[in-house]
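Please read it with the coordinates open.

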Amino acid sequence: MRIDVKECARLLKEHNNILILTHAHPDGDTLGCGFGLCRALMKCGKRARVVNADEIPSKYNYMESGLANEDFEEEYIVCVDVATENLLGPLADQYSGKINLCIDHHGTNTEYAENLLLEETASACEIIYKVILELGVQIDKKIADCLYTGISTDTGCFRYASATPSTYRIAADLMELGADNGYINRLMFETKTKTYAHLEKLAIDGMKFYCGERVAIITVTQEMYKITGSNEQETESLAPLTRQIEGIEIGITIREKNDGTCKASIRTFEKVNAADFAKSFGGGGHAQAAACRFDCSVDEARKRLIEKCGEILG
């Protein structure tokens, strides 16, 4: 059932022992939502914890710093920034059909939860901000840092067209509440590990162009992780690189999983809807940024993606 911010806050006030699920291969928005909401619920006197199927990259450590590791049997399960259950990764089977509440900003949300708060904002953290205010919680610096991270990362440090006047206003409010925008932006967009820098070089060297050089595809394999010492948690910054090349209309980054399957991140401009593109392969996302999974090899996935690009671009 679709609900609004007021009803969402009411439901959260009614329940305790709240488990917050974030999507696999976590980014700043899902983690900002998760830890920001978790901290707010704790300030309401509730027990809450954040769970993710994957290891959380160390650059996000400040979000969970100082949080007690609450041990309880969950009574209420909330998903944040999760458009479909399968985006929970290995947790999907465990929690499928058990999600009580979903707070999301993806128009492709499959409405799998009992209750859904959906607003197609630039970031899900903008919605969490409204929910926290409705809960009557005073946003402190730690919550502000979490929410600002989600907004900044999902707007590409406010470069994407998805950022609205409301996005900027909320970000400004969070800065006034203590969010360390300079530190967070530098950490998210300018700081690279040496292992990631090595991986990025390999990825760019291996970039291929298709469809009259209107499509750029980067492939990241398990062998590349071994060579560089990097891992999947460090690949978040690769996807935007494909869209930075002049003349590219569709940029795709294919990441091989350790089980031989793979995931594709799709980046486009206004002419091509990335969400519709991904939906054709069972995925989803936003108009210019989306993703999908393939239960096949990288080579087979690349072939299918190139064929779809050809259909779209003509």
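The points below go from the overall fold to the cores and then to the strands.

1. Overall fold. This is a predicted model. The protein has 12 helices and 11 strands. Its radius of gyration is 19 Å, close to the 20 Å that the globule rule gives for 314 residues, so the protein is as compact as a globular protein of that length. The C-alpha trace spans about 55 × 40 × 40 Å along the principal axes.

2. Burial and surface. Of the 314 residues, 55% count as buried. The accessible surface comes to about 13800 Å², and carbon and sulfur atoms account for 47% of that.

3. Contacts. Take the contacts between residues at least 6 apart in sequence: 66% of them join residues at least 24 apart.

4. Main core. The largest nonpolar core has 51 residues. Leu12, Leu37, Val78, Ile103, Leu147 and Leu174 touch the most other members. Helix H5 (residues 124-135) gives the most to this core, with eight residues. Apart from this core lies another, of 22 residues, among them Cys262, Ala264, Cys296 and Val298.

5. Leu37. Which residues does Leu37 touch, leaving out those up to four places away in sequence? They are Leu12, Ile20, Gly32, Val78, Val80, Ile103, Ile128 and Ile132.

6. Strands around S11. Strand S9 (residues 262-268) pairs with S11 (residues 289-294) in the antiparallel sense, over six bridges. Arg267 stands opposite Ala289 in S11. Strand S10 (residues 284-285) also runs antiparallel to S11, joined by two bridges. Gly285 has Ala290 in S11 as its bridge partner. A hairpin through three residues joins S10 to S11.

Methods:
Residues are numbered from 1 along each chain as its sequence is written. This is a predicted model: local features need pLDDT of at least 70, side-chain atom pairs count only at pLDDT 80 or more; totals for chains, interfaces and linings use all residues. Side-chain values use heavy atoms; hydrogens and water are left out. A nonpolar core is a set of buried Ala, Val, Leu, Ile, Met, Phe, Trp, Tyr and Cys residues joined through side-chain atoms within 4.5 Å. Buried means under 20% relative accessible area, exposed over 50%, partly exposed in between (1.4 Å probe, protein chains only). Helices (H or I, at least four residues) and strands (E, at least two) are DSSP runs, numbered from the N terminus. Contact means heavy atoms within 4.5 Å. Two strands pair if DSSP finds at least two bridges between them. The radius of gyration is taken over C-alpha atoms; the globule rule is 2.2 Å times the number of residues to the power 0.38. Accessible areas come from the Shrake-Rupley method with a 1.4 Å probe; for residues, only the protein chains shown count as cover.
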